[in-house]
Amino acid sequence: DAYATDFVNFINANLTRITADLNRVGLVQVLDAQPVLILQTTEEPTLAPTAAPTLSPTSAPSAKPTPAPTVSQHPSAAPSDHPSDLPSYSPSASPTHEPTNAETSLEERVYEQDLDVTVPAKFDEAEQAEFEYVYEGYTPEYSSNGRVTTTCEILDQRVLGASRRLSMLGGKLKNLLHFSSGQDALLQLGPGRRHRRQQESTPVWKLRILYRMNWASNYTDVEGYSGEFLNFINSNLARVTDDLQSAGLTQVNNTNDALPQLSTPRPSAAPTPVVTAEPTFVPSLAPTSPPTSPPTSGPTSLPSGSPTASSSAEPTKDPTSKPSSPRDTDPGARGTGLSTGAIAGIAAGSVAVLILFIVWLYRRRSHQKD
């Protein structure tokens, strides 16, 4: 009974913490934890009667009826308690629940951070979960509102090259020193004094972690949390290292500054629109625009004075085995149209006349000048 009472007291005194812990483990639908109520339980019925039945009645029946029936007492004329002048409970000074926003405030940022580790290996699934849990738990350090759901997700890991970390044996050296090679280091312990001490060399690898931080809340605006998180991490690197080691990541030897990465939009879950098999527009029957210039009334250039090619000595086609149609052989059936040869003759004559006219005009102007 005492344990149950202590449990109820602890839960009711830490409702905000209980809500945050439930959200952190994935129960983001939990908005507010209510006080615990103790229910009175009844004892379970026994399977058998408590005592064996008696073979005879406990007492002999009365020979005559009991006296006249009793009459219940009359109710009191006045109430048992006087009404109180004040309400039994004083009103609360503040509302019982914080107001919620209509829309969820969101903030997201990707970071890259190097960790000095003593084992050249990436974090396994359990170690990744511990890393994410530690970083998610830092939200109350830079947030004044505890109703913020924080998630950390490791996106990528890379093991970089190793270096040598040296620590002095027997000396008072608070920070470890990095050297690329060698077993001894020259340390200045006081003004004018230099001592060479034996050093202990430990190989150290760099594990580059790429992770995404996400903040969401219906109670407060989380805009700017990405910058607050970055300032907290880079200002408390020694504490972060200790917290990671306490969480079981004992291979972490040192934590370097976190660097924010340029955020890129996430790929869409749906495919791009499907290409249609038919054209999107029906071709128009009319031209899209009028011609750039009106048509000319005549040919663009004069016909040449001579044929473009010399006549061939052989026929262009093989002779046919059948006679041509009467329409081709009958002179009367040719009609009144001009043949190609006639048109060529007229054109040649026109050109000759034009040349003669030009020559005559040139000579006339020459005589007038003389």
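Is Lys206 buried, exposed or partly exposed? Keep that in mind while looking through these points; the model is a predicted one.

1. Lys206 counts as partly exposed, since its relative accessibility is 29%. Its side chain meets that of Asp116 in a salt bridge, at 2.9 Å from N to O. Asp116 sits in strand β1 and Lys206 in strand β5, so this pair ties together parts 90 residues apart in sequence. Asp116, at 2% relative accessibility, counts as buried.

2. Arg212 and Glu108 also meet through their side chains in a salt bridge (3.5 Å, N to O). Here again distant parts of the chain are linked: Arg212 belongs to strand β5 and Glu108 to strand β1, 104 residues apart. Arg212 counts as buried at 16% relative accessibility, while Glu108 is partly exposed at 36%.

3. The structure has nine salt bridges. Another pair to look at is Asp32 with Arg147, at 3.6 Å from N to O. Both residues lie in loops, Asp32 between α2 and β1 and Arg147 between α4 and β2, so the bridge ties together parts 115 residues apart in sequence. There is also a salt-bridge network linking Arg17, Asp21 and Arg24.

4. Now for a pair of helices. The axes of α5 (residues 225–235) and α6 (residues 237–246) come within 5 Å and cross at roughly 85 degrees, which means α5 is roughly perpendicular to α6. Residues making the contact include Phe232 and Ile233 of α5 and Leu237 and Val240 of α6.

5. Trp360 is part of helix α8 (residues 340–369) and is partly exposed, at 46% relative accessibility.

How values were computed. Residues are numbered from 1 along each chain as its sequence is written. This is a predicted model: local features need pLDDT of at least 70, side-chain atom pairs count only at pLDDT 80 or more; totals for chains, interfaces and linings use all residues. Side-chain values use heavy atoms; hydrogens and water are left out. Helices (H or I, at least four residues) and strands (E, at least two) are DSSP runs, numbered from the N terminus. Buried means under 20% relative accessible area, exposed over 50%, partly exposed in between (1.4 Å probe, protein chains only). Axes are lines fitted to C-alpha atoms, for helices over the stretch in contact, and angles run from 0 to 180 degrees between N-to-C directions. Angles under 35 degrees count as roughly parallel, over 145 as roughly antiparallel, 65 to 115 as roughly perpendicular and the rest as oblique. Contact means heavy atoms within 4.5 Å. A salt bridge is a side-chain nitrogen of Lys or Arg within 4 Å of a carboxyl oxygen of Asp or Glu.
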